[in-house]
Amino acid sequence: MASEKSSSDLTLLDFWVSPFGQRVRIALAEKNLPYEYVEEDLLAGKSERLLQSNPVHKKIPVLLHGGKPVNESLIIVQYLDEAFPDTPSLLPSDPYARAQARFWADYVDKKVYDCGTRLWKLKGEPQAQARAEMLEILKTLETELGDKEFFGGEHGFGFVDAAFAPFTPWFMSYEKYGEFKVAEVAPKIAAWAERVGKRESVAKSLYSPDKVYDHIGVLKKKYGIE
């Protein structure tokens with residue numbers, strides 16, 4: 001049964017380089033759903049529309065569907081599966097496989113961004129600890145990927161791929177600040193990143209590693225980090 005609200009009712013409040021917003025953009029592209037994109041200049045401040053749409057966390061992304069806000073990137077992606085059941089699903093139909101996909105997307109959510117941020121924000125022993133954690137995270141994800149083309153396995157490109165893919169342009173920065181190479185630590189993840197980056201929905205939703213690195217430079221300056 002189709003959603004009561006059409007896809008033309010979709011508006012995304014987002015920030016260009018946000019890997020969390022990019023998850024939603026990838027999902028919308030996979031489903032071929034048209035939407036209005038509204039850029040939030042988070043470095044300058046948060047708009048009244050964003051604050052009203054997400055009064056609890058005051059963060060992007062926010063998906064407005066018929067004016068009603070849906071918050072938190074993974075929740076938004078799952079919502080799109082449910083609200084538009086006639087589009088390709090990112091979650092598998094099997095309940096156990098769905099639970100596993102949610103587990104690994106949650107793992108990415110809780111681990112990668114925080115650890116990566118500590119890599120470029122910190123120095124000395126705290127940075128060395130973040131580096132060790134990042135290597136463990138990549139190895140853990142590589143074990144889960146195994147020999148599959150995508151994390152979705154037989155389902156193909158799926159929920160975990162959409163959740164993790166936006167971090168691939170950050171790999172170069174993580175490598176520079178952490179002094180390691182993803183291809184050496186987790187070669188299957190590096191190969192997956194190359195594959196996933198060629199997918200149309202991903203390619204048109206992400207920015208280059210150089211732009212991400214430059215953005216981190218802006219953040220370091222903003223926070224007074226040398």
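Aspartate 81 and lysine 31 form a salt bridge, with 2.5 Å between the closest N and O atoms. Aspartate 81 sits in helix H3 and lysine 31 in the loop between H1 and strand S2 (36-39), so the pair joins parts that are 50 residues apart in sequence. Both aspartate 81 and lysine 31 are buried. The model is predicted. A search of the whole structure finds nine salt bridges.

- Aspartate 106 pairs with lysine 110 in a salt bridge, the closest N and O atoms being 3.0 Å apart.
- Aspartate 106 and lysine 110 are four residues apart in helix H4 (residues 95-121), which means about one helical turn separates them.
- Aspartate 106 counts as partly exposed because its relative accessibility is 29%.
- Lysine 110, at 59% relative accessibility, counts as exposed.
- Glutamate 133 and arginine 118 also meet through their side chains in a salt bridge (2.7 Å, N to O).
- That pair links distant parts of the chain, with glutamate 133 in helix H5 (residues 124-145) and arginine 118 in helix H4, 15 residues apart.
- Glutamate 133 is partly exposed, with a relative accessible area of 29%.
- Arginine 118 is partly exposed too, at 22% relative accessibility.
- A network of salt bridges links Asp114, Arg118 and Glu133.

**Domains and their contact**

- The domain assignment gives domain 1 (10-83) and domain 2 (95-223).
- The contact takes 15 residues from domain 1 and 27 residues from domain 2.
- The C-alpha centres of domain 1 and domain 2 are 21 Å apart.
- Interface size is often given as the accessible area lost when the parts come together.
- Domain 1 and domain 2 bury about 1,900 Å² between them, and 68% of that is on carbon and sulfur atoms.
- In domain 1, the residues that lose the most area to domain 2 are Trp16, Arg23 and Ile26, together 29% of what that side buries.

- The rule finds two salt bridges across the interface of domain 1 and domain 2.
- Aspartate 109 forms a salt bridge with arginine 23, with the closest N and O atoms 2.6 Å apart.
- Five residue pairs are in polar contact across the interface of domain 1 and domain 2.

**The domain 1 side**

- Helix H1 (19-30) and helix H3 (73-83) each supply at least two residues of the side of domain 1 that touches domain 2.
- H1 gives the most to that side, with eight residues.
- The residues of the side of domain 1 that touches domain 2 comprise 10 nonpolar, two polar and three charged.

Technical notes
Residues are numbered from 1 along each chain as its sequence is written. This is a predicted model: local features need pLDDT of at least 70, side-chain atom pairs count only at pLDDT 80 or more; totals for chains, interfaces and linings use all residues. Side-chain values use heavy atoms; hydrogens and water are left out. Domain bounds come from an automatic or database domain assignment. Contact means heavy atoms within 4.5 Å. Buried area is the accessible area (1.4 Å probe) that two parts lose on being put together, summed over both. A salt bridge is a side-chain nitrogen of Lys or Arg within 4 Å of a carboxyl oxygen of Asp or Glu. A polar contact is a pair of N or O atoms within 3.5 Å; within protein, one must be able to donate a hydrogen and the other to accept it, and residues adjacent in sequence count only if both atoms are side-chain atoms. Ala, Val, Leu, Ile, Met, Phe, Trp, Tyr, Cys and Pro count as nonpolar, Asp, Glu, Lys and Arg as charged, and the others, Gly among them, as polar. Buried means under 20% relative accessible area, exposed over 50%, partly exposed in between (1.4 Å probe, protein chains only).
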